[in-house]
Amino acid sequence: MKKSIYGLTIEQLTDFLIENGQKKYRAAQVWDWLYKKRVLSFDEMQNINQETIDVLNENFAIQTLEQNVKQVSQDGTVKFLFKMHDGNLIETVLMKFPYGHSVCVTTQVGCNIGCSFCASGLLRKNRDLDAGEIVGQIMKVQEHLDGKGEDERVSHIVVMGIGEPFDNYTNLMNFLHVVNDQKGLSIGARHITVSTSGLTEKIKDFADEKLQVNLAVSLHAPNNELRSSIMKINKAFPIEKLMDSINYYLEKTNRRITFEYILLRDVNDHVKEAEELGRLLADKRHLSYVNLIPYNPVDEHGQYQRSEPEAIKSFYEALRRKGINGGVRLENGTDIDAACGQLRSKQIKKTKKQPVGE
Ligand code: SAH
Ligand code: SF4
C-alpha cells in the first residue's frame with residue numbers, strides 16, 4: 001500500500017523529486033495543488049509534466065483515509081471516524097469556536113500509556129499513525145468545510161485525540177512542519193497545541209525544536225501518590241522529573257505551558273489538592289495556565305464520576321487564591337461522545353470486531 005504524500009515536508013518532497021530525476025521547482029507546484037487547490041489525484045495537477053506525475057503515482061497516494069462515520073452535535077461539533085488502509089479506525093473532531101475551526105487529531109491506534117480514566121487507554125496501542133495519516137485528518141476535515149462552500153479553513157489544531165503524541169515523535173514533528181508551512185495550509189504554530197501525558201525526555205526535545213507550537217501537559221494530580229494511582233506512567237516519570245523537564249522547556253522557550261487537570265469526584269477535586277497544585281506551580285505561575293476539565297464519563301471506568309459543580313468552583317477559587325491562572329474547559333459535543341476515544345470504542349463494540357490489540 002502506497003503511503004500518503006501528505007506525510008512529506010516540502011524539503012523531503014524536493015529531495016525525493018531530485019533523487020528521482022525530476023525538477024526541484026516542481027515541489028512547490030505539487031504543494032500548491034495538494035494544499036491550496038486541494039485536488040485528490042495527481043492526474044489533476046495540470047501544470048505538472050506527465051513524467052513527474054507518473055513518478056508521483058508510482059510512489060504515493062494522496063488521501064489514504066476513508067470516512068466511515070460522521071456525527072454532528074447540536075453545538076456544531078462534528079466527529080469523524082476514519083478508516084485507514086489496514087482497516088483500523090481513528091477519530092477526529094472538528095469544533096467551532098468564535099475564533100475559528102479547531103481540529104482534534106489522533107496520533108496512534110490505541111494508547112499504551114493506559115491512564116485509568118481514559119477510553120483510549122482501554123485499547124492497547126496497535127500502531128503509530130504515519131505523518132501522512134495525521135495530516136490526512138486535517139485534509140479530510142478541510143474537505144468537509146470546502147464542501148459547505150463557505151470558504152472556511154481549519155485554523156487551529158489540538159493534538160489531543162487518541163494516542164500519546166510524544167510516543168510517535170518523528171511522525172508528529174513531520175505533521176507539525178507540514179501543516180505549519182506557509183506554502184501549504186499555513187496553520188500558525190501558535191494556533192497548534194500538543195498534549196502529552198508527560199514523557200520527560202521528549203518534552204526536552206520539543207523545547208529544542210524551533211517551533212512556536214504550544215505544549216499542554218496532562219498533570220491531573222499534584223503529588224506522586226495520587227498521580228501514580230490514576231496515571232501509571234507517573235511511576236516511570238514522577239512529578240520531580242516532569243517538573244525538571246518543564247523547567248527546561250520554560251527556560252528554553254519562555255512559552256506558557258497549559259496544565260490539564262481532569263476533575264474526578266472525590267479523587268483529586270478537593271481544595272487541599274488545589275492548594276497543593278498551587279504550591280507545585282508557584283515558581284512558574286507566570287508561565288502556567290491550568291485547564292480544569294470536567295470528566296467525561298467512560299462506561300468501562302465506572303469508578304470515576306464527574307465532580308460536583310460546587311467542587312469545581314471551590315477548586316478553581318482555591319487555585320486563584322494561590323495566584324494561578326486557569327479556567328474550566330468549555331465542553332463541546334458531549335451529546336455525540338466527543339470525549340477522547342469514545343466514539344471509536346463504541347463503534348468497535350457495535351461491529352463486534354476488534355481490529356486492534358495484539
Ligand atoms: N495522550 C495525550 C493526548 C491525548 S488525551 C495526553 O494524555 O495528554 C487528551 C486529554 O484528554 C488529556 O488531558 C487526557 O487526560 C484527557 N482525557 C482523557 N480521557 C478523558 C475523559 N474521559 N474525560 C475528560 N478528559 C479526558
Ligand atoms: Fe493515552 Fe492520553 Fe488517554 Fe493517557 S489520557 S491513555 S496518555 S490518550
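Biologist: R38: buried or exposed, and at what relative accessibility?
Modeller: R38 counts as buried, because its relative accessibility is 17% and the cut-off is under 20%. Bear in mind that this is a predicted model.

Biologist: Where is R38 found?
Modeller: R38 sits in the loop that runs between α2 and α3, the latter being residues 50-59.

Biologist: What is the phi of R38?
Modeller: The phi of R38 is positive, about 55°, although R38 is not a glycine. Most residues other than glycine have a negative phi.

Biologist: And the phi of H220, what is that near?
Modeller: H220 has a phi near 65°, again a positive value in a residue other than glycine.

Biologist: Where is the place of H220?
Modeller: H220 lies in the loop between β11 (214-218) and α7 (224-230). H220 counts as buried, with 4% relative accessibility.

Biologist: Which residues is H220 in contact with, leaving aside neighbours within four places in sequence?
Modeller: With those left aside, H220 contacts F117, I230, M231, E260, Y261, I262 and N268.

Biologist: Which residues does UniProt give for the feature "binding site"?
Modeller: The unreviewed UniProt entry places that feature at G163, E164, S195, S218, L219, H220 and N296.

Biologist: Take G163. Where is G163 found?
Modeller: G163 is in the loop between β9 (154-159) and α5 (169-180). G163 is buried, at a relative accessible area of 17%. Not counting residues up to four places away in sequence, G163 touches T107, Q108, G110 and C111.

Biologist: Switching to T258: which strand is T258 found in?
Modeller: T258 belongs to strand β12, residues 257-263. T258 is buried, with a relative accessible area of 18%.

Biologist: What is T258 in contact with, leaving aside neighbours within four places in sequence?
Modeller: Beyond those neighbours, T258 is in contact with L215, A216, V217, Y289 and N291.

Biologist: Now the helices. At what angle do α1 and α2 pack?
Modeller: Helix α1 (residues 10-19) packs on helix α2 (residues 26-36) at an angle of about 125°, and their axes are 9 Å apart. That angle makes α1 oblique to α2.

Biologist: Is the crossing of α1 and α2 right-handed or left-handed?
Modeller: The crossing of α1 and α2 is right-handed.

Biologist: Which residues of α1 and α2 make the contact?
Modeller: From α1, the contact uses I10, L13, T14 and L17, and from α2 it uses R26, A27, A28, V30 and W31.

Biologist: How do the residues of the contact of α1 with α2 divide?
Modeller: In the contact of α1 with α2, seven residues are nonpolar, one is polar and one is charged.

Note on methods. Residues are numbered from 1 along each chain as its sequence is written. Chains are lettered from A and ligands numbered from 1 in the order in which they are written. This is a predicted model: local features need pLDDT of at least 70, side-chain atom pairs count only at pLDDT 80 or more; totals for chains, interfaces and linings use all residues. Side-chain values use heavy atoms; hydrogens and water are left out. Axes are lines fitted to C-alpha atoms, for helices over the stretch in contact, and angles run from 0 to 180 degrees between N-to-C directions. Helices (H or I, at least four residues) and strands (E, at least two) are DSSP runs, numbered from the N terminus. Angles under 35 degrees count as roughly parallel, over 145 as roughly antiparallel, 65 to 115 as roughly perpendicular and the rest as oblique. A crossing is left-handed if the near helix is turned anticlockwise from the far one by less than a right angle, and right-handed if clockwise. Contact means heavy atoms within 4.5 Å. Ala, Val, Leu, Ile, Met, Phe, Trp, Tyr, Cys and Pro count as nonpolar, Asp, Glu, Lys and Arg as charged, and the others, Gly among them, as polar. Buried means under 20% relative accessible area, exposed over 50%, partly exposed in between (1.4 Å probe, protein chains only). UniProt positions are given in the numbering used here, feature names are shortened, and annotations may be inferred rather than shown by experiment.
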